Amino acid sequence: MLQRGAFILFEGIDRSGKTTQCNKLVECLQKSERKPEHWRFPDRSTELGKVINNFLSSKVELDDAAVHLVFAANRREKCKDMFNKLNSGISLVVDRYSYSGMAYTLAKDIPDMDQQWCMMPERGLPEPDLVLYMRVSPEVAASRGGYGEERYEKAEFQKKVAANFDMLKGKNWVEIDAGQPIQKIHDEVMKAVDDLYSSSRLSGPVGKLYT
Ligand code: FDM
C-alpha cells in the first residue's frame, strides 16, 4: 500500500536558517525517493500572495486583523492541493505556516485578537506531522545577512515573536538549536525526519489543524 507523504514544517523567527535547511532536506529526500516538494508561506505567487508581498515590503498598509486573515486565506487557497499531494505520497517540506501566522499577529498585542481568534481561520487545514522549530536568539538572527529589509525585521518585534513560538510549542514539535553550524543543524533535522518516516505516524490519515 502506498504510504502517504509527510508534512514537514520549518518554523522560527526571521533569519533562523529555515530556507537553508529546507533546501538541504529536500535535496536529501530527493535522493531517498521520498518525492518531496518545497513549499513556503506566504505563497507570494498567488493574487493574495501579491497583496501580502506588497504589505511585507511596505508598499501598502493594511489593517492588522485583515492582514492576518489574508495570510490565513493564502493557506486556505492551497488546502485542497496540500491534502491531495500528501495523500498521493508526495512529502511537503514547508517553510512557515499557521504558527507563524499566530506568532507574528500575537506579537502586535492587538486588543481582542487572542490566540483563539488567530486560530479560527486556520481550522481544518492539514496538520504538520513534524514541526522543526529553529530556535535562535533574536540577537544572532539580527547579525545574519539581509536582516532588516522587510516589515517585521526589527529586534524588539522579533523578541516577541520568539517568545510566542516558545509558547506555541506542542505535539510533533522538535526544537533545533539553530545557532549551530549548518551541517550540525542538518544532521539533527535528518534524525527527526528519519524518526518520523520510521514511526507509525504516517500510516494514519493526514491530521487537521485545531480540530
Ligand atoms: N508571516 C508569515 C506572517 O506575519 N503571518 C503568516 O501567516 C506567515 C506565514 O511574513 F516576517 C510573516 C513572517 C515573515 C514574513 O517572510 C514572511 P519570509 O522571509 O517569506 O519567510
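Trainee: How many residues surround the ligand, and which are the closest?

Mentor: This is a predicted model, and we may begin with the confidence assigned to it. The chain has a mean pLDDT of 96, with 99% of its residues at 70 or more, and the scores for the model are ipTM 0.98 and pTM 0.97.

As to your question, the ligand is surrounded by 14 residues. Arg-44, Phe-71, Arg-75, Arg-96 and Gly-101 are the closest.

Let us now consider individual contacts with oxygen atoms of the ligand. Arg-96 places a polar side-chain atom 2.7 Å from an oxygen atom of the ligand. Arg-44 likewise has a polar side-chain atom 2.9 Å from a ligand oxygen atom. In the case of Gly-101, a backbone N or O atom lies 3.3 Å from an oxygen atom of the ligand. On its own, the ligand has 480 Å² of accessible area, and the protein covers 92% of this.

Finally, we turn to the location of the ligand within the protein. Two or more residues of the shell are given by each of the elements α3 (64–76) and α5 (98–106). Of these, α5 supplies the largest share, with three residues.

Terms used. Residues are numbered from 1 along each chain as its sequence is written. This is a predicted model: local features need pLDDT of at least 70, side-chain atom pairs count only at pLDDT 80 or more; totals for chains, interfaces and linings use all residues. Side-chain values use heavy atoms; hydrogens and water are left out. A residue is near a molecule or strand if one of its heavy atoms lies within 4 Å of it. A polar contact is a pair of N or O atoms within 3.5 Å; within protein, one must be able to donate a hydrogen and the other to accept it, and residues adjacent in sequence count only if both atoms are side-chain atoms. Accessible areas come from the Shrake-Rupley method with a 1.4 Å probe; for residues, only the protein chains shown count as cover. Helices (H or I, at least four residues) and strands (E, at least two) are DSSP runs, numbered from the N terminus. pLDDT is the predictor's confidence in each residue, from 0 to 100.
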